[in-house]
Amino acid sequence: MRRFDFYSLRLFVAVAEESSLTKAAERTHLSLAAVSKRMSDMENSFGAALLYRQAKGVTLTPAGYTMLHHARILLRNLEQLQADISEYSSGVKGHVRIQANASATIEYLPQSLTLFKQAFPEVKIDLEERPSADIVRSVREGTADIGIYAGHVDAEELQVFRYRQDRLVLVTQAAHPLAGRASVRFEDTLDYEHICFQQDTALHARLQNSAIDLDRSLRVRIQLRSFEAICRMIDAGMGIGILPHHAIQHNLPQLNLATIAFDEPWAQRELSLCVRSKDALSVIARQMVDHLLKA
């Protein structure tokens with residue numbers, strides 16, 4: 001059997017999870033031809049077919065399922081080795097990779113990470129803001145150590161902890177027709193244009209799906225990537241918004257806005273923290289998990 005590399009194993013896992021060479025190529029930022037050749041080389045190397053190639057994608061052969069099982073174990077062990085050794089690298093006594101949604105990044109993590117950095121000044125912390133679905137996938141694939149996400153995202157095979165609770169509120173101009181109400185239902189907002197987060201966020205998906213459940217459409221006027229920008233657009237009279245209360249509190253005194261209680265069962269949101277396996281994390285990453293859950 002010829003030699004193969006861990007990069008090819010990562011590509012194979014991507015192909016298996018996407019059930020498509022094309023989608024795996026997009027996910028890994030490679031050409032379709034390059035991914036296809038890697039898969040063919042692996043099959044030739046092992047002397048067994050790993051994929052059934054079909055018009056609408058690929059499925060795993062029995063040998064492919066065996067390969068997927070062992071590939072995940074090997075990649076997990078490699079990542080654990082890298083995490084453990086990284087703590088002995090000169091100048092850095094550990095490295096923690098965190099991905100979080102916008103709410104956690106803006107509202108909760110700045111103070112928590114500052115305190116952690118004060119206690120462990122030589123630890124390198126990478127923080128990236130991502131949509132919730134991408135966060136869970138990154139933790140599952142091992143490209144993030146810790147993920148913080150909102151919404152009902154499938155986190156199967158991961159360890160999940162309750163991180164924070166937040167609630168959604170309706171935000172309007174102070175003079176808006178809905179501003180005088182004690183509370184509103186989602187249906188009450190659908191006659192007005194909304195200023196929303198972009199489409200790849202869990203909150204946007206929740207609003208769209210809830211509108212569909214009511215056999216209505218969500219009238220989206222503008223999509224933005226920051227809570228402050230959304231609040232400023234609402235203040236300018238461009239529309240209304242449904243936003244996490246904690247994340248917008250610091251914007252309220254500066255702008256002429258009203259917040260109205262949102263009377264929906266899904267207005268109370270859970271933020272969750274996920275890892276692949278807390279016991280398999282590096283020592284410093286486990287300390288980060290404990291720190292975030294205590295904060």
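Is Asp188 buried, partly exposed or exposed? Asp188 is partly exposed, with a relative accessible area of 27%, where buried denotes under 20% relative accessible area, exposed over 50%, and partly exposed the range in between (1.4 Å probe, protein chains only). The structure is a predicted model, in which local features need pLDDT of at least 70 and side-chain atom pairs count only at pLDDT 80 or more, while totals for chains, interfaces and linings use all residues. Residues are numbered from 1 along each chain as its sequence is written, and side-chain values use heavy atoms, with hydrogens and water left out.

Side chains of opposite charge can pair when their charged atoms come close. With a salt bridge defined as a side-chain nitrogen of Lys or Arg within 4 Å of a carboxyl oxygen of Asp or Glu, the count comes to 21 salt bridges.

Arg181 is partly exposed at 41% relative accessibility.

A salt bridge also joins Glu43 and Arg53, whose closest N and O atoms are 3.0 Å apart. Because Glu43 lies in helix 3 (residues 32-46) and Arg53 in strand 1 (residues 51-54), the pair ties together parts that are 10 residues apart in sequence. Helices (H or I, at least four residues) and strands (E, at least two) are DSSP runs, numbered from the N terminus. Glu43 is buried, at 11% relative accessible area, whereas Arg53 is partly exposed at 41%.

In the salt bridge between Arg130 and Asp134, the closest N and O atoms are 3.5 Å apart. Arg130 is partly exposed at 24%, and Asp134 is partly exposed at 25%. A network of salt bridges links Glu17, Glu18, Arg27, Arg72, Arg137 and Glu141.
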